[in-house]
Amino acid sequence: MADTQQVDANAERKVARLAKQISAFAKAHGGAEGQVAYIGERGARIALVGEDGEWGNLVAPTYAIAQQAVAKSGITTHEDFDGEFAAKVKTGAYEWKRMAGIQIGG
C-alpha cells in the first residue's frame, strides 16, 4: 500500500510542477494553448503556443500526467497540432534556417 501512495505522491508533484510551468508560460505570453502528444517510452510532449506566437515544449513522464497538468493549468487544449492552432506559431530565422538545412541534408 505504501508503494501506491508513494507513486501517487510523485505523480501529483510532477503534475503540480508541470502545471506551474505551463501557467508561467501562459502568463509570460499573454495566454497559451496546448496540445498533448504521446512520444513513446519517453512519455508525452506538451506543445505550448502563446498568444504572442512564441512556443515551447515540456515533456511529462506519462500521457496521463501531461493531461492532468494541462487541465490543472486551465489552458485551452487541441486534439491535433494543425490548422488554426499551428498557424499561431511565430517562426524566426533560426527555425527557417533549420528547416532548410534538414531539406538539403544539413
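This is a predicted model: local features need pLDDT of at least 70, side-chain atom pairs count only at pLDDT 80 or more; totals for chains, interfaces and linings use all residues.
What does lysine 88 pair with? Lysine 88 makes a salt bridge with glutamate 33, and their closest N and O atoms sit 2.3 Å apart. Lysine 88 is in the loop between helix H3 (83-87) and helix H4 (93-103), while glutamate 33 belongs to strand S1, so this pair ties together parts that are 55 residues apart in sequence. Glutamate 33 itself has 9% relative accessibility, so it counts as buried, because buried means under 20%.

How many salt bridges does the structure hold? There are two. The other pairing joins glutamate 54 and lysine 90, with 2.9 Å between the closest N and O atoms. Here glutamate 54 lies in the loop between S2 and S3, and lysine 90 in the loop between H3 and H4, so parts 36 residues apart in sequence are tied together. Both partners are partly exposed: glutamate 54 at 31% and lysine 90 at 45%.

Now, on to the nonpolar core. The largest one has 17 residues, and Ile22, Ile46, Leu48 and Ile75 touch the most other members. Elements giving two or more residues to this core are helix H1 (2-28), strands S1 (32-38), S2 (44-50) and S3 (55-60), and helix H2 (63-73). H1 supplies the largest share, five residues.

Let's finish with isoleucine 75. Neighbours within four places in sequence aside, isoleucine 75 is in contact with Ile22, Ala26, Ala32, Glu33, Gly34, Leu48 and Val70. That list includes Glu33, the salt-bridge partner of lysine 88.

Terms used:
Residues are numbered from 1 along each chain as its sequence is written. Side-chain values use heavy atoms; hydrogens and water are left out. A nonpolar core is a set of buried Ala, Val, Leu, Ile, Met, Phe, Trp, Tyr and Cys residues joined through side-chain atoms within 4.5 Å. Buried means under 20% relative accessible area, exposed over 50%, partly exposed in between (1.4 Å probe, protein chains only). Helices (H or I, at least four residues) and strands (E, at least two) are DSSP runs, numbered from the N terminus. Contact means heavy atoms within 4.5 Å. A salt bridge is a side-chain nitrogen of Lys or Arg within 4 Å of a carboxyl oxygen of Asp or Glu.
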